[in-house]
Amino acid sequence: MQVIVSGVRSFFKMAGKVPSIRLNSGYDMPMLGLGTYNNFKPNEVGDAVKAAIQIGYRHIDTAWRYETEPEIGVAIKELIKEGKVKRSELFIVTKIWGHCHEPHKVEPACRESLEALDMDYIDLYMIHFPVAYVDKVRSKTTMTDYVDTWRAMEKLVDKGLVRSIGVSNFNKQQLERILKMDGLKYKPANNQVEITPYLAQEDLLQFSLKNGISTTAYGPFGAPGQIYRTKNAPMFLDDPTIVKVGKKYGKSSAQVILRYGIQRGYALVPKSTNPARLAQNMDIFDFKLSEVDMKTMLLLDRGLRVNLQNFIAYKDHPFYPFEK
Ligand code: A2P
């Protein structure tokens with residue numbers, strides 16, 4: 001089904017209540033997923049994933065770096081065993097970390113994630129960040145080029161280990177470099193970046209849409225309560241403009257932020273470990289923000305990143321993707 005979203009033509013298919021984006025690989029990605037990067041206590045992420053799937057989430061976002069793959073794998077396996085969901089109904093995203101960017105390390109890294117998740121394919125496998133590191137703890141960066149990593153990622157598709165490949169935290173120039181690389185076989189299916197009401201990323205979003213690359217927003221609420229969040233950054237969920245828009249529709253600020261993203265045409269992976277909030281975040285498909293409210297939301301953009309702390313140490317590296 002073709003739906004017009006904010007004047008942008010996108011291909012959406014309704015899967016239950018949650019619309020999907022048709023990726024350039026031909027697979028469908030549900031537009032609402034569960035983010036799983038946090039400082040979890042034991043079992044917390046597994047319980048959140050179980051609650052989310054039972055509420056109706058089908059897209060689960062993880063990464064080698066989050067250290068949540070094993071617990072997510074166990075939780076999903078239990079649900080499959082109990083007949084609550086089938087593997088084929090799920091869309092599992094994970095990411096390769098910078099210590100495995102050298103081409104010969106890419107397949108072993110993918111197999112490590114598959115083993116941790118206890119799955120035989122990954123729906124979307126992404127380069128987590130464009131900068132490479134010598135080791136897991138990021139003691140030093142290297143000059144391994146993400147274009148060479150991409151060539152090795154393409155082979156994973158051909159081997160059937162992953163269905164789609166993508167990138168995360170890439171800027172427009174870096175996407176362009178991949179699109180223009182010699183012998184490109186598969187375009188990135190998705191770029192996962194920070195998008196919030198205060199960081200609209202309109203340029204990157206439009207460039208990606210034009211080039212058939214879908215976008216996913218991480219940390220859509222500005223990661224309240226997370227230790228990696230920029231200190232003293234404003235709390236987006238308390239923004240009076242967003243609260244006011246929400247009141248018009250009888251929705252919370254969180255729901256307005258998610259709905260705003262859906263109407264702009266990107267997927268979102270908010271995090272929550274609380275079943276009531278997991279359900280609230282899913283309850284965004286029975287209303288539509290008016291054009292005026294969409295414009296009001298877009299005007300909140302001020303180019304403010306709050307998820308910088310994990311990456312700022314690499315700001316002098318030529319592949320550092322953010323503003324300096
Ligand atoms: P909790 O796990 O207690 O629900 P982000 O996705 O931007 O990183 O934000 C994640 C944070 O936002 C989590 O700490 C989560 O807390 C909180 N959160 C998730 N959903 C909601 C909601 N609907 N209302 C308020 N806070 C929320």
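I began with the sheet: 8 strands form an open one, in the order β5-β6-β7-β8-β11-β12-β13-β14, with parallel pairing. At its edges I found β5 (33-35) and β14 (267-269), each of which pairs on one side only. From one strand to the next, the twist averages 25°.

A few ground rules for my notebook. This is a predicted model, where local features need pLDDT of at least 70, side-chain atom pairs count only at pLDDT 80 or more, and totals for chains, interfaces and linings use all residues. Residues are numbered from 1 along each chain as its sequence is written, and side-chain values use heavy atoms, leaving out hydrogens and water.

My terms: strands (E, at least two residues) and helices (H or I, at least four) are DSSP runs numbered from the N terminus, and two strands pair if DSSP finds at least two bridges between them. Angles run from 0 to 180 degrees between N-to-C directions, with axes as lines fitted to C-alpha atoms, for helices over the stretch in contact.

Next I zoomed in on one pair. Strand β12 (residues 190-194) joins strand β13 (residues 214-218) in the parallel sense over 5 bridges. I looked up N190 there, and its bridge partner in β13 is S214.

Then I turned to the ligand. I found 17 residues surrounding it, the closest being F221, K271, S272, R277 and N281. Helix α9 (residues 275-282) gives the most to this shell, with 3 residues.

Last, I checked polar contacts (pairs of N or O atoms within 3.5 Å). An oxygen atom of the ligand sits 2.5 Å from an N or O atom in the R277 side chain. For A223, a polar backbone atom is 2.9 Å from a ligand oxygen, and for G219 the distance from such a backbone atom is 3.4 Å.

Methods
A residue is near a molecule or strand if one of its heavy atoms lies within 4 Å of it. A polar contact is a pair of N or O atoms within 3.5 Å; within protein, one must be able to donate a hydrogen and the other to accept it, and residues adjacent in sequence count only if both atoms are side-chain atoms.
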